[in-house]
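User: I have a structure open here and would like to go through it with you. Could you take my questions one by one?

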Amino acid sequence: MGHSILDDTMAVMTWQEIERYSNDGALVLWPISVLEEHGPHMPIAVDIYLGYILSRNIRERLSQKGVLSIIAPPNYWGINNVTAAFPGSFTLRRETLKALLYDTLASLKRWGFDHVFIFDLHGDVNHRDTVLAG
């Protein structure tokens, strides 16, 4: 293994570092997805890894254009109706996911972040509808 999805995110920063990003008007990039089966040949975190890498690549491109951004720690809890029968496909209730998203966005707002961009690579329609509602 060797790499953490928390590298280069708020999770490895002090609160003072996060506050500096907020004070400087940084955009927040937030990769969200789910842990779910992807067949016997792939780990259940595939969507999380892809969202995390996408966020890092977008942050780099924004930086090249002079736009400051910060990556929130990836959220990997969501709704898995389609794959729920398989071991490793964790699923939340709709109201739980909605509350998790709302509370996380409220925290970011309270810290002074005004623009949050969510990257969700999970295709379950119930998950996506809940993300939009959150």
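This is a predicted model: local features need pLDDT of at least 70, side-chain atom pairs count only at pLDDT 80 or more; totals for chains, interfaces and linings use all residues.

User: Where is S55 found, and is S55 buried or exposed?

Analyst: S55 is found in helix α2, residues 46–64, helices being DSSP runs of H or I with at least four residues and strands runs of E with at least two, numbered from the N terminus. S55 counts as buried because its relative accessibility is 0%; buried means under 20% relative accessible area, exposed over 50%, and partly exposed in between, with a 1.4 Å probe and protein chains only.

User: Switching to the largest nonpolar core, which residues touch the most other members?

Analyst: That core has 14 residues, of which M10, V28, I70, L101 and F113 touch the most other members. The elements giving two or more residues to this core are β1 (27–32) and α3. A nonpolar core here is a set of buried Ala, Val, Leu, Ile, Met, Phe, Trp, Tyr and Cys residues joined through side-chain atoms within 4.5 Å.

User: And what does V28 touch?

Analyst: Not counting residues up to four places away in sequence, V28 touches M10, I70, A72, L108, F113, H115, V116 and F117.

User: OK, helices next: how do the axes of α3 and α4 cross?

Analyst: The axes of α3 (residues 94–110) and α4 (residues 125–133) come within 8 Å and cross at roughly 40°, where axes are lines fitted to C-alpha atoms, for helices over the stretch in contact, and angles run from 0 to 180 degrees between N-to-C directions. The two helices, α3 and α4, are therefore oblique to each other, since angles under 35 degrees count as roughly parallel, over 145 as roughly antiparallel, 65 to 115 as roughly perpendicular and the rest as oblique.

User: Which residues make the contact?

Analyst: On α3 the contact is made by R94, L97, K98 and L101, and on α4 by N126, H127, D129, T130, V131 and A133.

User: What about A133, how exposed is that one, and which residues is A133 in contact with?

Analyst: A133 has 37% relative accessibility and so counts as partly exposed; leaving aside neighbours within four places in sequence, A133 is in contact with R94 and K98. The C-alpha atoms of A133 and E19, which are 114 residues apart along the chain, are separated by 28 Å.

User: Where does R128 lie, and what does R128 touch?

Analyst: R128 lies in helix α4 and is partly exposed, with a relative accessible area of 39%. Not counting residues up to four places away in sequence, R128 touches D120, L121, H122 and G123. C-alpha to C-alpha, R128 and S33 are 9.6 Å apart in space, although 95 residues apart in sequence.

User: Last topic, the backbone: what is the phi of D8?

Analyst: Phi of D8 is near 65°, a positive value in a residue other than glycine. Most residues other than glycine have a negative phi. D8 lies in the segment before α1 (15–23) and is partly exposed, with a relative accessible area of 33%.

Note on methods: Residues are numbered from 1 along each chain as its sequence is written. Side-chain values use heavy atoms; hydrogens and water are left out. Contact means heavy atoms within 4.5 Å.
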